[in-house]
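Hi,

Here's the structure I promised to pass along.

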Amino acid sequence: MKVTAKGSYNGAFSVFVGENFLKNHKRVFLRQLWQDLRARIVRTSIDSISSIQEDVQLVIGTMRDLGDIDISCIEELLKSLFSQAKAYDEVGSSNSEKASKEILGRQLDEAKDSLHNTQAREHKETLQVQVTNNDLESNKKERVAFKVRVGQLKSLLKRQRELLYTFQTEIREINEEIDAIENTSPLSDEFVEKLCASAELLEDAKEKLKDLDPLAWARFRFFFCLFHFYDS
């Protein structure tokens, strides 16, 4: 084996080894890249599949640019996956402001219970404010003897009024929530079935990616072509 002054092998042999060295390392890199990408897609919930499409296409573009491997099977599956994700998103977005009858009923009951409890607390606090205010007015006549008491009552009245305002604000917000719930159209049974069917198709598309090995597919195609070559 001839070695040059720079420590490299002679021209023909070094080129041959160098090409194989690069091919082997590119295959290892592509295999690991696909395994990591596949795991990332599988971990992504169906509600977020569309959000990773751009990043996935960036990785696939890099795999394609490296060459030496047929990734058409991956591209077809990903195309189907994101097509199903788009259909799923469209079904969901068209009814994003609707909810099921059961959820609407539960939310309405909870809101009404909260309103009833808050109104009771507001009534109680209103009576307390009235008592404190009357107490304050009575004690104003005895400023000298009850100066400290007046200061305490003023502070108490301020806190009670702030608490009353909080309850009143909460009641207003709960009433708005009740109005929103009552005005929200429930999901139709047809929509629920359509959404579930779309979700199942999207999950199936994800499952197909789990066991896909593009390198194994590339080897299969290579030996298949080689067999036909010698057979001919």
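To start with, which helix does aspartate 113 lie in? That residue sits in helix α4. Keep in mind that this is a predicted model. Aspartate 113 comes out as partly exposed, with a relative accessible area of 48%. It also belongs to a negative surface patch, together with Asp109, Glu110 and Glu177. Helix α4, which covers residues 101–139, gives the most to that patch, with three residues.

Now for charge pairing. Side chains of opposite charge can pair when their charged atoms come close. Here the count comes to one salt bridge. The partners are arginine 64 and glutamate 75, and their closest N and O atoms are 2.5 Å apart. Arginine 64 is in helix α2 (residues 53–66) while glutamate 75 is in helix α3 (residues 72–93), so the pair ties together parts that are eleven residues apart in sequence.

If you were wondering how many disulfides a search of the whole structure finds, the number is zero. As for individual cysteines, cysteine 73 counts as buried because its relative accessibility is 15%, and buried means under 20%. Cysteine 196, on the other hand, is partly exposed, with a relative accessible area of 42%.

Cheers

Definitions and conventions: Residues are numbered from 1 along each chain as its sequence is written. This is a predicted model: local features need pLDDT of at least 70, side-chain atom pairs count only at pLDDT 80 or more; totals for chains, interfaces and linings use all residues. Side-chain values use heavy atoms; hydrogens and water are left out. Patches are made of residues with over 30% relative accessible area and no salt bridge: like charges are joined within 9 Å, nonpolar side chains (Val, Leu, Ile, Met, Phe, Trp, Tyr) within 5 Å. Accessible areas come from the Shrake-Rupley method with a 1.4 Å probe; for residues, only the protein chains shown count as cover. A salt bridge is a side-chain nitrogen of Lys or Arg within 4 Å of a carboxyl oxygen of Asp or Glu. Lys and Arg count as positive and Asp and Glu as negative; His and the chain ends are not counted. The place of a charge is taken as NZ of Lys, CZ of Arg, CG of Asp or CD of Glu. Helices (H or I, at least four residues) and strands (E, at least two) are DSSP runs, numbered from the N terminus. Buried means under 20% relative accessible area, exposed over 50%, partly exposed in between (1.4 Å probe, protein chains only). A disulfide is a pair of cysteine sulfur atoms within 2.5 Å.
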